Amino acid sequence: MPTLDPALTPVLPRTAELTPEGHLALGGCDAVDLAREFGTPLYVFDEEELRETCRAYREAFASRYEQSAVVYAAKSYLGRWLAALVAEEGLGMDVVSGGELAVARSAGFPLERVLFHGSNKSAQELREAVEAGIGRIVIDNFHELSLLDDIAGDLGKRQPVLLRVSPNVDPHTHVKTTTGVLDTKFGFAIEGGQAEEAVVQALARSNLELLGLHCHLGSPIFELDPYRQANDVMIAFAARMGERHGLELREYSPGGGFAVQVLRGEPAPSPGDYAEAVVDSLRAALAREGLGEPSLTVEPGRAIVARAGVALYPVGARKELAGVRTYVSVDGGMADNIRPALYEARYEALVANRAAEPPAERVTIAGKYCESGDVLIKDIELPKLWAGDVLALPASGAYCLSMASNYNMSPRPAVVLVREGRARLVRRRETYDDLMRADVWGEA
Ligand code: LLP
């Protein structure tokens with residue numbers, strides 16, 4: 001009996017299987033049929049995988065730390081369907097823009113469970129958030145601190161807030177996604193006294209209710225130690241602020257950044273591994289500093305959605321350069337997944353219509369967009385590919401669609417949700433009309 005390559009099992013949704021025809025199936029749906037029915041490129045999300053992952057994270061933290069909340073980082077991917085699903089699974093949501101907040105609101109997401117992040121929130125975004133009754137706003141800088149105090153005062157509200165502090169811990173990830181070091185645009189640095197000054201100011205503002213502290217080191221973080229180090233630094237800082245200024249740490253968030261396995265043979269820690277590292281080091285630091293237990297908020301984004309999403313691309317052109325390289329082009333690329341071009345991110349791939357076939361050649365998978373840098377996968381061993389084959393890229397659920405663009409005036413892909421043999425269109429493919437919808441040229 002042929003099977004899917006077991007080395008790919010950890011990067012595919014848990015429902016992935018091989019059909020008798022040798023096709024890849026997701027959530028009981030044949031991926032080749034999905035590509036035919038809904039068109040390509042197509043993003044397929046597996047509902048069971050999503051729900052199980054939400055539960056695994058909730059359980060991993062709740063079983064170790066009662067007062068804990070898992071808040072989904074919506075920047076990794078957001079649609080109204082996903083907001084509704086995440087709410088049903090008991091998670092909160094981290095939004096970073098008025099737009100993400102608008103989507104959450106329109107899906108009826110419980111706003112008391114929403115946190116608002118961002119290094120330069122506008123006055124309008126802050127006003128919208130306060131008016132809507134958002135759970136917490138995470139203040140990033142002095143400008144925002146006074147702006148938010150004024151806005152909350154104007155609206156006659158006292159807004160619960162956290163302060164984002166940079167603990168100066170290096171998470172050893174890509175430089176473009178490292179955030180918790182000293183030289184970053186995010187948050188108040190402890191070194192030099194800005195974070196202390198922010199605590200003093202926030203406590204003095206009558207329209208802000210300072211609940212606690214937040215940090216986010218970067219992502220994806222494959223190591224556990226950076227979380228331990230950050231907890232030590234942050235809790236020691238909280239204790240100093242308590243002694244000097246009366247800060248009471250009621251909530252603490254070490255952010256997100258939990259990694260997922262994207263490549264064969266490169267596993268990531270499990271939800272339980274992350275929860276244990278975070279909770280154990282937090283408890284130890286609190287005990288050392290003589291502090292009581294604050295509520296704990298974590299913000300995984302990719303760890304919730306990456307594995308549930310598989311991108312399907314049809315194969316087109318083939319260019320063989322003897323002794324140099326073979327390019328195989330797909331109908332998709334940097335407009336729907338900019339991560340390889342932006343961060344040298346790597347992906348696995350399999351041929352959805354010949355999913356059990358062993359590799360036969362080394363190729364480079366190129367996108368269709370007008371740039372040499374539009375390469376989805378450099379050098380991968382695959383069965384020989386021909387026009388009409390359907391290429392599946394696993395672990396594409398995070399930061400592909402949310403960073404997608406209309407580059408080269410390309411309509412963004414459709415999204416389907418699969419479960420138990422049924423496929424539901426949750427976002428239709430954009431049309432040429434969509435591309436011109438906001439273009440008001442020629443209108444009176
Ligand atoms: N919390 C905060 C404050 C964040 O800034 C982020 C991500 C997260 C949570 C969620 O991180 P995650 O768990 O998803 O790793 N576009 C990049 C990632 C940038 C992430 C920015 N902030 C990528 O494609 O990898």
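Reader: What is the area buried between domain 1 and domain 2?
Author: The model is a predicted one. The chain is divided into domain 1 (6–39 + 308–436) and domain 2 (48–301). The size of an interface is often given as the accessible area lost when the parts come together. Carbon and sulfur atoms give 60% of the area between domain 1 and domain 2, and the total is about 2100 Å².

Reader: How many residues of domain 2 are in contact with domain 1?
Author: The C-alpha centres of domain 1 and domain 2 lie 33 Å apart. Contact is counted between heavy atoms within 4.5 Å. On that count, 24 residues of domain 1 take part, and on the side of domain 2 the number is 17.

Reader: Is strand S4 largely enclosed or left open by the rest of the structure?
Author: Strand S4 covers residues 42–46. Leu42, Val44 and Asp46 point one way from S4, while Tyr43 and Phe45 point the other way. Because five of the five residues of S4 are buried, the strand is largely enclosed.

Reader: Which strand pairs with S4 in the parallel sense?
Author: Strands of a sheet pair through backbone hydrogen bonds, either parallel or antiparallel. With strand S14 (residues 309–321), S4 forms four bridges in the antiparallel sense, and Tyr43 has Ala311 as its bridge partner there. The parallel pairing has five bridges, with Val416 as the bridge partner of Val44. The parallel partner, at residues 414–419, is strand S20.

Reader: Which residue is the bridge partner of Val351 in S19?
Author: Strand S19 (residues 390–393) is covered on both faces, with Val390 and Ala392 buried on one side and Leu391 and Leu393 buried on the other. S19 pairs with S14 in the antiparallel sense over four bridges, and one of the partnered pairs is Pro314 with Val390. S19 also pairs with strand S16 (residues 350–351), again antiparallel, over two bridges. For Val351, the bridge partner in S19 is Leu391.

Reader: How many disulfides does the count give?
Author: A disulfide needs two cysteine sulfur atoms within 2.5 Å. For Cys29, which is buried at 6% relative accessibility, the nearest cysteine sulfur is that of Cys54, 20 Å away. Cys400 is buried with a relative accessible area of 0%, and its sulfur is 18 Å from the closest one, in Cys54, so the gap is too far for a bond. The number of disulfides is zero.

Reader: Which side chain is joined to that of Asp94 by a polar contact of 3.4 Å?
Author: Asp94 is in strand S6 (residues 92–95). Asp94 counts as buried because its relative accessible area is 2%, under the 20% cut-off. Setting aside residues up to four places away in sequence, Asp94 touches several others, including Tyr72, Lys75, Glu100, His117 and Glu299. The polar contact of 3.4 Å joins the side chain of Asp94 to that of Lys75.

Terms used
Residues numbered from 1 in each chain as written. Predicted model: local features only at pLDDT ≥ 70, side-chain atom pairs only at ≥ 80, totals over all residues. Heavy atoms only, no water. Buried < 20%, exposed > 50% of the residue type's maximum accessible area, 1.4 Å probe, protein only. Polar contact = N/O pair within 3.5 Å; in protein donor to acceptor, adjacent residues only side chain to side chain. Domains from an automatic or database assignment. Buried area = accessible area lost by both parts, 1.4 Å probe. Pairing = 2+ DSSP bridges.
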